[in-house]
Amino acid sequence: MQLRRQVEDLTVGGERQAQRDVDGARRDRVEERLEVGRVLGCTNHLQVLKVSAHSSAGEIRKAYLLLSRALHPDKCRVDKATDAFQRVSRAYKELMKTRG
């Protein structure tokens, strides 16, 4: 009887953990969709990278690395993630031309 209770506790605990994992994955997917939509809706390179006009090359590079890692097509499975990733890369290249 005690062994059965332990097995039931493990099963219930495992199901709870699995549900938390699924909920976490859904939340991550929603955040990815929002970020892709934000990038695709931007009108200039500064907005894409979320930097100011007076940002240094280091700040621009840091913003680029964070966004490109989050939106890389191998990691982000959201529709149009490739387009967003390309827009981030293009924004970085254009802004670095003016800083370099």
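Reader: Which residues of α3 are exposed on the other side of the helix?

Author: This is a predicted model, where local features need pLDDT of at least 70 and side-chain atom pairs pLDDT 80 or more, while totals for chains, interfaces and linings use all residues. Residues are numbered from 1 along each chain as its sequence is written, and side-chain values use heavy atoms, without hydrogens or water. Exposed means over 50% relative accessible area, buried under 20%, and partly exposed in between, with a 1.4 Å probe and protein chains only. On the other side of α3, the exposed residues are K62, L66 and R69.

Reader: What arc do the buried residues of α3 cover?

Author: The buried residues of α3 are I60, A63, Y64, L67, S68 and L71. They sit on the same side of α3 because they cover an arc around the axis of only 125°. The arc is taken from the directions that run from the helix axis to the C-beta atoms. The value is 125°.

Reader: How far apart are the end C-alpha atoms of helix α3?

Author: A helix here is a DSSP run of H or I, at least four residues, numbered from the N terminus. Its expected span is 1.5 Å times one less than its number of residues. Helix α3 (residues 57–71) has 15 residues, so it should span 21 Å. The end C-alpha atoms agree, at 21 Å.

Reader: How many salt bridges does the structure hold?

Author: Side chains of opposite charge can pair when their charged atoms come close. A salt bridge puts a side-chain nitrogen of Lys or Arg within 4 Å of a carboxyl oxygen of Asp or Glu. The number in this structure is 3.

Reader: Which residue forms a salt bridge with E32?

Author: E32 is buried, at 15% relative accessible area. The closest N and O atoms are 3.7 Å apart, and the partner is R29.

Reader: Is E35 buried or exposed?

Author: E35 forms a salt bridge with R38, the closest N and O atoms being 2.9 Å apart. The two are 3 residues apart in helix α1, about one helical turn. R38 is partly exposed at 24%. E35 has a relative accessible area of 19%, so E35 is buried.

Reader: What is the relative accessibility of K97?

Author: K97 meets E94 in a salt bridge, at 3.3 Å from N to O. Both lie in helix α4 (residues 81–99), 3 residues apart. E94 is partly exposed at 33%. K97 counts as exposed, at 61%.
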